[in-house]
Amino acid sequence: MPAIGIDLGTTFSCVGVWYQGKVEIIANGMGYRTTPSYVAFTAQERLVGDPAKSQAATNPSNTVFDAKRLIGRRYNDPTLQDDLHRWPFKVVNQNGAPLIEVQDRGRTRRLSPVEVSAIVLAHMKDIAQTFLGTKVTDAVVTVPAYFNDAQRQATRDAGTVAGLTVLRVLNEPTAAALAYGQLMDTRTTRNVLIFDLGGGTLDVSLLTVREGLQFDVQSTNGNTHLGGRDFDNLLVQHLADVFRRKHGRDVASNPRAMGRLRAAAEKAKHNLSFSTEVSIEVDVLVDGIDFHTRVSRARFEDLCASLFLETLEPVKRALEDAKLTKEAVHDVVLVGGSTRIPKIQSILQRFFDGKQLNLSINPDEAVAQGAAVQAAILVKDDSWVIRNLVLRDVIPLSLGIGLEDGGMKRIVERNTRIPCQRQGGTKTCVDNQASVLFEVYEGERPLVRDNNLLGSYVIDNIPPGPRGAVKFDTSFSIDADGILTVTSRERRTGVSQRITIGSDQHRLSRQEVQAMLREAEMYRAQDERQKRCLEGRRKLENLAYSMKQALREGEGEGLELALVRVGGGAEAEDGDEEAAGAARLVAMTSATAGPGVGRLSAEERVAAERAYREVLDWLETEQTQAEVDEYESRYQHLKVFWKTCKLETEETDRRQP
């Protein structure tokens, strides 16, 4: 059974698979190789991907995006609070966790970021299954290199809810390096800097790639809240200010107007990568007022100047951590759609003293390509390239335990290669201490209050003794996914306690995961029922329109010829098996009827017209409420009616001399 690689992006997602000796990026049902990470809820159905994004401007409060900026965070996270006023959907606080509130098919529903991400992952899984023609359960899912442990665990939970076994949570720049390695000269060793600027995150990784087969990550750095979405926000704010100055109206409080303005800003940003000036036109933006303005590339670069310069900071830190100079970097590889912005490329090229940037891989697909390669490695594909690939990653943040004075004792330094195990010692801080609280943190600040608490545990019943006499060994073990297990043991008695980080309050409980799985299965069944309803409606509608066209054309040239043309045309145009079957039925009931079929009586023609008109009128009024059985019943009734017309015409032909 094949394993797939999924790039779960902030704005777009992409899926690939190692197929017939190479990576195949799989197009979705609309033919696009990337899918918007959007989920929308309407009165009738749930939409995912392109259909969800296309209706975002008219249904802003029930169209969810940017789930990656929410996943694994607490509600009081400063970066999340900064984003709240920019999202048109409602985010509420439930026991410290952010939940997204939407109206789903007439009822209020609250979803966690894990659930939204799971819906997107399940959609990507379905895309792969359609392409492969087989069930898919195993996947490698990518995350920003600078994601903390809670965010990684939440992403893994999302995969579980989507019905996937997540083989590996892989850093995005590392995945991109795997994709780039497929293009390298396999006889050389090169230091490669991966600059991955996507829709919501920035990652920088420095790797040493040996002969295109061994990938050693030297350092990684980044910003989990800097990307194309932030550039969009600045441009949207600029356009809102322009509209307010021109027309004296504030659109910020109108979600629909802001949604349309955001769509226009995104399009303008993309076009400014290829044009020096763009025209922005939004008809009837608010209160019947049309909005027209122009934005130059220079103005856009000025708006985003501080953020553009901020992208260099992780580059500098990654070089410093790897103890490399910028002259020692052989290749600077650009990944992520936002690296198409000319100013980003200019800033990077200037920093690296004019070095030519490497644009050899598709920035939108590189991460999914690498994830597919890693998936093939983990399921032990027998290709020569896969068998010989070696990947060694690092942890992005230092790990340690809190001390009594509020400081943090580092046990594992950032950019330590994984898997790994490190050990550190601690001791009691008061006389005759009966228990010790161990708190595990990640981060680079000296005080624990400035770092991220991962979890805590207590060791009780320790032997009495003076301050500092009772000592503990604390071991940090990190697996290939970056998942941390911490164990503390009292040296004299052997009393110990352990924790696998992620089982604390930041991670979903087993019961919550199971509840989400049940709900996902329920919605999967609803989506399947909706699909069958649409297919039934399409089949019925096709038969009715084919009858209408056949009767109209049959008036002038004989019904038999008209029906054959309708059947062939519908089959060729629709390419849909059910629709084609309906059209073939109309063609069959006349093409085999003999010379008299073109001579329907006036009464028969009126009855046929009444039959198809009743169906079309019903479809206009009842299509959103009808069940699949109703569509099938009406289809069978119309089919029988048409066959009856055919038999009566044949009988008339036999009675004629």
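## Close-up views of a predicted model

**Figure 1. Phe308 and Phe231 form an aromatic pair.** Phe308 has a relative accessibility of 1%, so it counts as buried, the limit being under 20%. As in all the views here, the model is predicted. A pair of aromatic rings is described by two values, the distance of the centres and the angle of the planes. For Phe231 and Phe308 the centres are 5.0 Å apart and the planes stand at 80°, an edge-to-face arrangement. Phe231 belongs to helix α6 (residues 228-247) and Phe308 to helix α9 (residues 305-310); the pair links distant parts of the chain, 77 residues apart.

**Figure 2. Phe65 and Phe89 make an edge-to-face pair.** The count of aromatic pairs comes to eleven. In the pair of Phe65 and Phe89, the ring centres are 5.3 Å apart and the planes meet at 85°, so the pair is edge-to-face. Phe65 lies in the loop between β7 (63-64) and α2 (78-84), and Phe89 in the loop between α2 and β8 (90-94), so the pair ties together parts that are 24 residues apart in sequence. Both residues, Phe65 and Phe89, are buried.

**Figure 3. Two charged side chains sit over aromatic rings.** The charged end of Lys326 is placed over the ring of Phe351, at 4.7 Å from the ring centre. Arg634 lies over the face of Trp618, 4.2 Å from the centre of the ring.

**Figure 4. Helix α3 is mostly covered.** The helix runs through residues 113-132 and has 20 residues. From first C-alpha to last, α3 reaches 29 Å, close to the 28 Å expected. Of its 20 residues, 15 are buried. Gly133 follows α3 and has a positive phi, near 70°.

**Figure 5. Val284 and Asn461 have positive phi values.** Most residues other than glycine have a negative phi, and most peptide bonds are trans. In Val284, phi is near 45°. Val284 is part of strand β16 (residues 277-286) and, at 47% relative accessibility, counts as partly exposed. In Asn461, phi is about 55°. Asn461 lies in the loop between β25 (452-459) and β26 (471-478); at 71% relative accessibility, Asn461 counts as exposed.

**Figure 6. Ile418 and Pro419 are joined by a cis peptide bond.** The omega angle of this bond is about 0°. Pro419 is found in the loop between β22 (417-418) and β23 (420-427).

Notes
Residues numbered from 1 in each chain as written. Heavy atoms only, no water. Helix = DSSP H or I, 4+ residues; strand = E, 2+ residues; numbered from the N terminus. Expected span 1.5 Å × (residues − 1). Buried < 20%, exposed > 50% of the residue type's maximum accessible area, 1.4 Å probe, protein only. Phe/Tyr/Trp six-rings, centres within 6.5 Å; stacked < 30°, edge-to-face > 60°. Lys NZ or Arg CZ within 6 Å of the ring centre and 35° of its normal.
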